[in-house]
Amino acid sequence: MSAVSHGGDDAPTLRNRLGYKLRLTMREPTTVIGILMALLFAYLIVVPILSILMDSATVQFGDERRTKADLGSGTLYYLTRAFTSPVAMDLFWEPLLNTLMVAAGAIAISMLVGGVLGWLIARTDMFGRRWFATALIVPYMLPAWTFALAWTTLFKNRTVGGQQGWFEAIGLTPPDWLAYGQFPITVILALHYTPFVILLFGSALRRFDSQLEDSARILGASSGTVARQVILPLMRPALMSAVVLIFAKCLGEFGVPYVLGLPVKFDVLATSLYRSIGSRQSGVAGVLAGAIMLIGLIAILVDAYLAREARRFVTVGSKGSMNRTSRLHSWRLPATGFASLVFIASVAMPLLTLFLSTVMRMPANFAWSNFTLDYWIGWDLPTVAMRTGILLSQDLWRAAFNTIWIVGTASICSGLLGILTGYVVVRTPFRPLSIFLRQVTFMPYLVPGIAFAAAYLSLFAVQRGPVPALYGTYAILIMALMADQMPYASRAGISAMMQLGKDPEEAAQVVGAGWLRRMLWVVLPIQKGSLVTGILLPFISGIKGLSLFVILAVPATDVLTTFSLRLVDYHYTQAANAVVLIIAGLAYAGTVAAQKLTRTNLAEGLGS
């Protein structure tokens with residue numbers, strides 16, 4: 001009896017303690033703001049993803065007769081159509097196979113080229129190491145489809161009409177496999193993602209103690225044995241992480257397959273999803289988006305597992321650890337030549353080709369009389385829609401204004417929300433809220449951009465409750481871009497707040513400053529560098545982004561990327577290339593500005 005009585009006394013005490021802790025937690029503005037932010041992120045991130053997944057399992061408008069079911073009722077019709085129907089090969093299986101082949105080829109080439117370059121920059125006395133350490137990562141600063149347009153300018157044939165490519169103009173007609181399809185897509189993505197390997201592999205090599213190599217050689221191991229049994233096992237986590245990241249990026253890449261694949265009906269998953277949305281097959285689009293999300297999630301989980309496994313390969317260094325530079329001797333000049341060749345192929349040649357194409361009346365005609373600035377600043381051009389040079393086009397400036405307005409607003413909101421997220425995650429005493437905010441703001445990283453855009457289209461294409469249909473408005477673009485960039489903004493905010501102690505706030509609180517005043521006059525001034533980073537990085541990504549905008553933008557909300565893509569569709573080569581050069585210049589300048597303001601360098605340490 002006494003035991004029962006004792007238990008009965010404990011229950012109210014436990015409830016009292018929990019109630020007191022809850023009341024104390026709710027009195028803290030940080031927790032209240034965190035709950036509001038959790039609701040906001042759930043609506044901006046979780047609900048759109050659930051919406052498109054629901055589309056794949058419920059009857060959509062116009063499909064009632066096919067499914068023999070009522071609108072909105074559950075169905076397996078779209079799953080069957082995408083995976084087992086007579087058109088499943090065209091809708092899913094062939095695009096999946098194409099995606100895997102392109103990704104495998106891009107990974108193989110980028111690992112080979114990037115691995116060699118990473119070793120040359122990090123561990124040898126190659127000429128110009130410091131310069132190449134920065135120059136060879138420029139391709140990742142530029143939109144991938146910049147190089148796709150340069151490729152079409154050079155190798156395009158008359159298979160799809162429009163202006164001739166340069167090789168065809170001089171009498172050398174490239175075959176279709178060289179002009180379009182798997183081969184050019186693979187090469188371009190490989191060159192675009194090679195900087196991943198250079199950075200990850202090169203950084204790992206810099207931390208590798210060269211005394212381990214010396215020890216193996218003293219024991220009689222050959223150079224090949226040292227590479228296979230000492231260096232590669234220790235480099236495996238960095239190499240595997242690069243493989244997974246490149247695969248995840250290839251999975252959601254839209255611009256390059258659109259430019260080089262659609263003319264010959266070479267579909268990958270991203271372009272197949274785009275086709276389904278364009279043909280109003282929202283149920284099938286939901287299935288494809290779900291498949292892309294699932295594959296992307298698996299890739300990221302594998303990367304996280306490899307990151308944990310990497311701890312097993314840590315080498316313990318000390319004051320005696322060494323990172324000796326290998327001397328190339330007679331191979332020094334060929335190695336420098338190889339690095340120069342990669343720079344020319346991945347940066348110099350594409351940008352030069354695009355620029356020259358914008359100042360030539362006829363392709364590949366280098367006579368002085370053929371050069372002109374008409375496509376930049378000319379009037380009364382002999383084209384149907386583009387009657388002026390691109391810099392005099394109202395459509396360009398409207399797209400530029402939309403880009404600055406949409407991307408700028410989304411980036412500022414992302415940066416502020418990122419700081420607030422970091423503040424709540426670090427400061428709230430309510431641990432479940434902290435965990436939820438961490439996870440939900442990272443979720444868009446698991447979803448390729450094209451699938452995330454499809455999710456937003458699914459949710460906001462029609463009115464739902466008090467929220468009106470937002471498709472075709474600035475609001476849907478700003479909201480989608482904010483949500484898409486939250487992984488970067490929130491991680492910047494969390495990292496910054498973990499380094500900020502409570503003392504400055506407590507001092508302000510002692511003199512009577514409220515929460516808002518503490519945020520405005522203490523936290524934000526101290527964290528202004530992180531805030532700038534949280535704004536600038538999403539801005540750079542948004543400037544060159546295509547996957548979100550190509551699904552959600554309409555002519556009235558055209559941004560620079562969608563405007564250039566429309567010019568590609570119209571076969572206005574010079575104008576399209578000019579717009580892409582403008583985008584590339586903005587992206588590169590923004591990246592350099594971000595590094596200057598944050599005093600960081602993507603290639604930091606590689607060429608030192």
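I begin with R566, which forms a salt bridge with D558, their closest N and O atoms being 2.3 Å apart. A salt bridge here is a side-chain nitrogen of Lys or Arg within 4 Å of a carboxyl oxygen of Asp or Glu. By that rule the count comes to four salt bridges. D558 is buried at 7% relative accessibility, while R566 is partly exposed at 27%. Those words have cut-offs: buried is under 20% relative accessible area, exposed is over 50%, and partly exposed is in between, with a 1.4 Å probe and protein chains only.

A word on where this comes from. This is a predicted model, in which local features need pLDDT of at least 70 and side-chain atom pairs count only at pLDDT 80 or more, while totals for chains, interfaces and linings use all residues. Residues are numbered from 1 along each chain as its sequence is written, and side-chain values use heavy atoms, with hydrogens and water left out.

Another of the salt bridges joins D63 and R66, at 2.5 Å from N to O. What is the burial state of D63? D63 is buried, with a relative accessible area of 12%, whereas R66 is exposed at 53%.

Next, D267 and R275. They also form a salt bridge, and the closest N and O atoms are 2.9 Å apart. D267 is buried at 11%, and R275 is partly exposed at 37%.

Helices are DSSP runs of H or I with at least four residues, and strands are runs of E with at least two, numbered from the N terminus. After α15 comes R280, which has a positive phi, near 60°.

D267 also has a contact with E94, a residue that touches M89 as well, leaving out residues up to four places away in sequence. Contact means heavy atoms within 4.5 Å. E94 lies in helix α5, residues 88–123, and is partly exposed at 36% relative accessibility.

Now Q60, in the loop between α2 (29–55) and α3 (64–67). Is Q60 buried or exposed? It is buried, at 13% relative accessible area. A polar atom of the Q60 side chain lies 3.0 Å from the backbone oxygen of T58. The Q60 side chain also has a polar contact of 3.5 Å with the side chain of S282. A polar contact is a pair of N or O atoms within 3.5 Å; within protein, one must be able to donate a hydrogen and the other to accept it, and residues adjacent in sequence count only if both atoms are side-chain atoms. Beyond four places in sequence, Q60 touches D55, L71, Y78, S282 and G283.

Last, the surface. L373, I377, W379, L391, L392 and W397 form a nonpolar patch with about 630 Å² of accessible area together. Patches take residues with over 30% relative accessible area and no salt bridge, joining like charges within 9 Å and nonpolar side chains (Val, Leu, Ile, Met, Phe, Trp, Tyr) within 5 Å. Accessible areas come from the Shrake-Rupley method with a 1.4 Å probe; for residues, only the protein chains shown count as cover. L391 sits in the loop between α18 (374–377) and α19 (394–427), and is partly exposed at 31%.
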